[in-house]
Amino acid sequence: MSSLFAKTGLHVMAGGQFGSEGKGLLASWLAREAVREGVPFFGCITSAGPNSGHTSYFGDEKIVLKQLPTFAVHMFLRGHVIPVYFSAGSIIDAEILVKEHLEFPELPIFIHPCATVIIEKDKVEELDASGSIFAIAGTRSGTGAAIARKVRRDPSAIYYNHSHRLFPYYENIVDMDYHPYFMEISQGFSLGLNEAKFYPHVTSRECTFMQGMADARLPPTYYQKGYLCFRTFPIRVGNTDGFSSGDWYEDQTELSWDELGVPAELTTVTKRVRRVATFSWNQFKDSVIANDPTHVFLNFMNYFDTSGQLEFYKKHREVRHVLGSNYGFIFGHGSRMEQVNDQDSTGVESV
C-alpha cells in the first residue's frame with residue numbers, strides 16, 4: 001500500500017461526494033501524522049471559499065474554519081508554522097478571513113492577485129428570491145456572484161484591485177521538487193460545476209484534485225499523494241424556502257436521520273438539517289476515476305455495526321480490484337482524530 005506521505009511534491013485532499021465528508025477531520029489527522037513522522041511540509045495551498053466549512057477538534061476544542069486550511073492550523077497547534085497560500089481559485093470573504101486570522105495570527109498568509117473577493121452586493125444578489133442561486137437552495141454566501149463578476153472582468157472582483165489589501169501577494173510556488181506541500185479543496189466531487197447529472201444544483205467550480213492544481217497553476221508532475229474523502233451515508237445541504245438542493249445518484253435512496261438511527265446533522269455554513277442517503281457505488285467509481293487517489297478515507301464507519309463495517313470494507317476491496325487501483329484505506333469512526341486509523345495499523349479488519 002502507498003505510504004501516507006512523500007518527501008517532496010503536492011499532497012491533495014478533496015471530497016468525493018456532495019461535501020461534508022469529513023475533510024476537516026482527515027486534515028487534522030494527517031497533520032498529526034505528519035508531525036509524528038517528521039515530514040517537513042513547507043506550505044499549505046487552499047482554494048477555499050466561505051460557502052463551505054471544515055470542522056475539526058484539537059483536544060476538546062472545536063475548530064470551525066471557512067477560509068483557513070485545517071491542515072495548516074493543526075500543524076501550527078502542534079508547533080510547526082507553515083505559510084498558507086490562497087490560490088487564484090480561492091474566494092475571499094475579508095471579514096471571515098480576518099476573524100480566522102486573529103484566532104491564529106502567527107500563520108503567514110499569502111493571497112494570489114487573481115483570487116476572487118466577495119463584496120456586499122454579491123451576498124445581496126444571492127439572497128434575491130428571484131435569482132438562480134436562491135432557487136437551487138445554495139449556501140447564498142456570495143461566492144457564485146463574486147465569481148460571475150470575475151468572469152465578466154469586473155476589476156473589483158480580484159484581490160489585486162482592492163485598495164485595502166490585508167495580506168501579501170504570491171504568484172508561483174516553484175520549489176516542490178525539494179519540499180512537500182499540502183492542498184485542501186473544499187466541497188465535493190459531485191457538486192462540480194461540470195457535473196451533468198446534477199446541474200444546476202452544483203457549486204460554482206469543479207472540485208477535483210486537478211482543478212485545485214490548475215487554480216494554483218501547478219503542473220500535474222508535482223502530484224504525489226491524493227486523499228479522497230467519502231461518507232458511509234452521503235449528505236446534501238438541506239432544502240429551503242420550498243427549493244431543493246438537488247437529486248441523488250440513481251443507485252441511492254434518501255433516508256431520514258431517524259431511519260439511520262443517529263442524531264440529525266447540521267451543515268457547517270447554513271446550519272440547515274442535512275439530507276442523507278445510502279452510499280452510491282456509481283458515485284464512488286466516478287469520483288475515484290476522476291481523481292485517481294493514493295488514499296481513500298471512509299468516514300462515519302460508526303454508523304454501521306461491526307458486521308456492517310466488515311461488509312462495507314469487503315465491498316470496497318472488490319471495487320478497488322475492479323477499478324485496477326491500489327489506493328490505501330483510512331477509516332473514520334467518529335468526529336475526533338483519535339477515531340481515525342489506517343489499514344496498516346488498527347483498520348476494519350481488526351474490528
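What share of the 351 residues in the chain is buried? In this predicted model, in which local features need pLDDT of at least 70, side-chain atom pairs count only at pLDDT 80 or more, and totals for chains, interfaces and linings use all residues, buried residues make up 58% of the chain. Here buried means under 20% relative accessible area, exposed over 50%, and partly exposed in between, with a 1.4 Å probe and protein chains only. Residues are numbered from 1 along each chain as its sequence is written, and side-chain values use heavy atoms, with hydrogens and water left out.

The chain contains 10 helices and 16 strands; these are DSSP runs numbered from the N terminus, with helices (H or I) of at least four residues and strands (E) of at least two. A compact globule of 351 residues would have a radius of gyration near 20 Å, and the 19 Å of the chain agrees with this. That radius is taken over C-alpha atoms, and the globule rule is 2.2 Å times the number of residues to the power 0.38. Along the principal axes, the C-alpha atoms fill a box of roughly 60 × 50 × 40 Å. Among contacts (heavy atoms within 4.5 Å) with a separation of 6 or more, 76% come from residues 24 or more positions apart.

Turning to charged side chains, the structure holds 13 salt bridges, each defined as a side-chain nitrogen of Lys or Arg within 4 Å of a carboxyl oxygen of Asp or Glu. Side chains of opposite charge can pair when their charged atoms come close.

Arg275 is buried at 10% relative accessibility, while Glu254 is partly exposed at 37%.

Salt bridges with shared partners also join Arg32, Glu33 and Arg36 into one network. Within it, the closest N and O atoms of Glu33 and Arg36 are 3.3 Å apart. These two residues are three positions apart in helix α1 (residues 23–37), so about one helical turn separates them. Glu33 is buried, with a relative accessible area of 11%, whereas Arg36 is exposed at 59%.

Lys197 and Asp286 form another salt bridge, at 3.3 Å from N to O. Lys197 lies in the loop between β9 (180–188) and α7 (209–215), and Asp286 lies in helix α9 (residues 281–291), 89 residues apart. Lys197 is partly exposed at 42% relative accessibility, and Asp286 is partly exposed at 28%.
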